[in-house]
Amino acid sequence: MAAPRRVAVVVGSLRKDSLNRKMAKALAAMAPPTLSLEIVEIGQLPLYNQDDDASPPPASVAFKEKIAGADAVLFVTPEYNRSVPGVLKNAIDIASRPYGKSAWDGKPAGVMSVSPGAIGGFGANHHLRQSLVFLNMPALQQPEAYVGGAGDLFDESGGLKKPETKKFLDSFLAAFAAWIERTAKAPG
Ligand SMILES: Cc1cc2nc3c(=O)[nH]c(=O)nc-3n(C[C@H](O)[C@H](O)[C@H](O)COP(=O)(O)O)c2cc1C
């Protein structure tokens with residue numbers, strides 16, 4: 001069997017008890033054998049400053065290398081004020097520069113937004129997709145993943161409480177795995 005595709009999972013919340021992080025961990029635990037999901041942390045990153053492009057801070061270099069080494073990227077993010085949290089946008093900007101040397105270029109992407117609210121972070125999900133167009137990341141379209149009511153999804157140990165959530169996540173991961181095979185560069 002071919003080696004699993006390496007998927008960098010970027011979580012848009014730094015909160016200790018983040019629902020999005022719980023979701024990312026649940027997805028990693030249930031991923032099919034063709035995918036290997038690993039959270040790539042963003043909380044240690046400095047604020048992006050274009051003056052540093054010639055000599056970026058070590059934390060930014062390390063983050064960019066991790067993204068560059070992945071076959072695909074899965075964003076799991078909350079919605080802040082109907083958009084993407086600043087920490088996530090900062091991470092995206094860091095790995096996109098210097099101009100012409102983006103680590104995101106060509107990598108298949110999945111987008112899941114997770115919110116306790118009813119509309120499941122739709123605004124963040126679609127604002128993020130706007131950046132993915134410019135970053136040249138082919139993004140999975142269906143199934144759309146606006147996960148609402150997330151305050152009631154996980155038990156105390158982070159397990160999924162409802163079989164229908166697991167069913168949906170299984171279908172999302174299967175579609176994402178197929179999407180990666182269609183759009184990713186050959187494993188290297
Ligand atoms: C600054 C801020 C802005 C927020 N704006 C929204 C919003 O626009 N839509 C929404 O559904 N939830 C919003 N929320 C609530 C978040 O969805 C909620 O805090 C969620 O648990 C954050 O994700 P996390 O649990 O992964 O940290 C906001 C929260 C914060 C702190």
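Leu19 uses its backbone, with an N or O atom 2.9 Å from an oxygen atom of the ligand. Glu79 goes to a nitrogen atom of the ligand, 2.6 Å from a polar side-chain atom. Alone, the ligand exposes 620 Å², and the protein buries 70% of that. Those areas are Shrake-Rupley, with a 1.4 Å probe; for residues, only the protein chains shown count as cover.

Now the ground rules. This is a predicted model, where local features need pLDDT of at least 70 and side-chain atom pairs count only at pLDDT 80 or more, while totals for chains, interfaces and linings use all residues. Residues are numbered from 1 along each chain as its sequence is written, and side-chain values use heavy atoms, with hydrogens and water left out.

Who else surrounds the ligand? The shell includes Ser13, Arg15, Asn20, Tyr80, Asn81 and Ser115. Near means a heavy atom within 4 Å. By class, the shell has four nonpolar, five polar and three charged residues. Nonpolar is Ala, Val, Leu, Ile, Met, Phe, Trp, Tyr, Cys and Pro; charged is Asp, Glu, Lys and Arg; the others, Gly among them, are polar.

Asn81 has a backbone detail too: its phi is near 50 degrees, positive in a residue other than glycine. Asn81 sits in the loop between strand 3 (72-77) and helix 3. Helices (H or I, at least four residues) and strands (E, at least two) are DSSP runs, numbered from the N terminus.

On a 1 Å grid over the protein atoms alone, a cavity is a set of points where a 1.4 Å probe fits but cannot get out; a pocket is an open set with protein on both sides within 12 Å along at least five of seven lines; lining residues have an atom within 4 Å of a point. Points join across faces, edges and corners, and volume is the space filled by probe spheres set on them.

The largest pocket holds about 260 Å³. Its lining is 14 residues, with Ser96, Arg97, Ser102, Phe134 and Leu135 nearest the centre. Helix 3 (86-96) and helix 4 (122-134) each give two or more residues. Helix 3 has the largest share, four.

How many cavities of 30 Å³ or more does the whole structure have? One. Val11, Ser13, Leu14, Arg21, Val40, Glu41 and Ile42 line the largest cavity.

Last, the prolines. The Arg97 to Pro98 bond is cis, omega near 0 degrees. The Gln142 to Pro143 bond is cis, omega near 5 degrees. Pro143 lies in the loop between helix 4 and strand 5 (146-147). Pro143 touches Phe168, Ser171, Phe172 and Ala175, leaving out residues up to four places away in sequence; contact means heavy atoms within 4.5 Å. Pro143 and Phe172 are 29 residues apart in sequence, yet 6.1 Å apart C-alpha to C-alpha.

Key: A polar contact is a pair of N or O atoms within 3.5 Å; within protein, one must be able to donate a hydrogen and the other to accept it, and residues adjacent in sequence count only if both atoms are side-chain atoms.
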